[in-house]
Amino acid sequence: MDNKLVVLVLVFFLAIGAFSLTLFTSSSARQIKASNRVPLLAQSLCFASPLSIKQGTNATVTCVARDKDTNAVEGAQCCFAATSGTLTQECGQTDSNGIYQTLLTATADSSVTCTLNGSLQAGSVTIGVTTE
């Protein structure tokens with residue numbers, strides 16, 4: 001009877017050990033940890049291409065979210081606000097490269113501000129509009 005109990009306890013501890021090893025070495029646990037990065041103002045930015053457009057055409061506005069080690073921040077909420085014109089999407093989440101983009105269609109010069117996670121201003125960019 002004692003031998004069966006010893007074997008049962010041994011199997012129990014082997015199962016707990018295997019579970020713990022799997023838990024701490026699984027890639028999904030590392031991915032969860034990596035996704036908890038926080039964007040930093042000094043490393044994040046906002047830019048547009050081109051900086052000058054013809055009336056009624058589009059400029060691509062890009063927000064880049066980076067953490068303190070300049071690593072991409074995936075899943076950060078990025079919102080754009082334009083002084084004039086229309087944005088295809090005002091808010092969205094950054095991709096695995098820490099990038100979120102939208103298009104601006106404007107009939108007059110427009111300043112676009114990029115805000116990360118509701119409070120961090122990643123910068124702004126001015127897009128000039130010509131009538132030619």
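**Entry: burial**

I call a residue buried under 20% relative accessible area, exposed over 50%, and partly exposed in between. I keep in mind that this is a predicted model. I then asked how much of the protein chain is buried. Of its 132 residues, 27% count as buried.

**Entry: overall layout**

I listed the elements next. The protein chain has two helices and nine strands. Read from the N terminus, the order is α-α-β-β-β-β-β-β-β-β-β. The radius of gyration is 25 Å, well over the 14 Å that the globule rule gives for 132 residues, so the chain is more spread out than a compact globule. I also noted the box that the C-alpha atoms fill. Along the principal axes, the box comes to roughly 95 × 25 × 20 Å.

I looked up contacts between residues at least 6 apart in sequence. Of these, 54% join residues at least 24 apart. The protein chain exposes about 8,600 Å². Carbon and sulfur atoms supply 58% of that area.

**Entry: the patch around Val9**

I went back to Val9 and placed it in helix H1, which covers residues 2-25. Which residues form a nonpolar patch on the surface? I found Leu5, Leu8, Val9, Phe12, Phe13 and Ile16. Together they have about 610 Å² of accessible area. A patch residue needs over 30% relative accessible area.

**Entry: disulfides**

How many disulfides are there? I counted two. I numbered the bonded cysteines in sequence order, and the pairing reads 1-4, 2-3.

I started with Cys46 and Cys114. A disulfide joins them, with an S to S distance of 2.0 Å. Cys46 lies in strand E1 (residues 45-49) and Cys114 in strand E8 (residues 110-116), so the bond ties together parts that are 68 residues apart in sequence. I checked burial for each end. Cys46 is at 10% relative accessibility and counts as buried. Cys114 is buried too, with a relative accessible area of 0%.

I moved on to Cys79 and Cys91. A disulfide joins this pair as well, again with 2.0 Å from S to S. Cys79 is in strand E4 (residues 77-82) and Cys91 in strand E6 (residues 91-93), so the pair ties together parts that are twelve residues apart in sequence. I looked up the handedness. The torsion about the S-S bond is about 115 degrees, so this disulfide is right-handed. Are its ends buried or partly exposed? Cys79 is partly exposed, with a relative accessible area of 23%. Cys91 is partly exposed, at 37%.

I noted two further cysteines. Cys63 is at 0% relative accessibility and counts as buried. Cys78 has a relative accessible area of 0% and is buried.

**Entry: salt bridge**

I searched the whole structure for salt bridges and found one. Which residue pairs with Asp69? The partner is Lys68. The closest N and O atoms are 3.7 Å apart. The cut-off is 4 Å, so the pair qualifies. Asp69 is partly exposed, at 46% relative accessibility. Lys68 is exposed, with a relative accessible area of 62%.

Most residues other than glycine have a negative phi, and most peptide bonds are trans. I looked for departures from that.

I found a cis peptide bond from Ser49 to Pro50. Its omega is near -10 degrees. Pro50 sits in the loop between E1 and strand E2 (52-54).

I then turned to positive phi. Thr70 is not a glycine, yet its phi is positive, at about 60 degrees. I placed Thr70 in the loop between strand E3 (58-64) and E4. Thr70 has 46% relative accessibility, so it counts as partly exposed.

Asn117 is another residue that is not glycine, and its phi is near 50 degrees. Where does Asn117 lie? I found Asn117 in the loop between E8 and strand E9 (120-130). Asn117 is partly exposed, with a relative accessible area of 44%.

Technical notes. Residues are numbered from 1 along each chain as its sequence is written. This is a predicted model: local features need pLDDT of at least 70, side-chain atom pairs count only at pLDDT 80 or more; totals for chains, interfaces and linings use all residues. Side-chain values use heavy atoms; hydrogens and water are left out. A disulfide is a pair of cysteine sulfur atoms within 2.5 Å. Helices (H or I, at least four residues) and strands (E, at least two) are DSSP runs, numbered from the N terminus. Buried means under 20% relative accessible area, exposed over 50%, partly exposed in between (1.4 Å probe, protein chains only). Patches are made of residues with over 30% relative accessible area and no salt bridge: like charges are joined within 9 Å, nonpolar side chains (Val, Leu, Ile, Met, Phe, Trp, Tyr) within 5 Å. Accessible areas come from the Shrake-Rupley method with a 1.4 Å probe; for residues, only the protein chains shown count as cover. A salt bridge is a side-chain nitrogen of Lys or Arg within 4 Å of a carboxyl oxygen of Asp or Glu. The radius of gyration is taken over C-alpha atoms; the globule rule is 2.2 Å times the number of residues to the power 0.38. Contact means heavy atoms within 4.5 Å.
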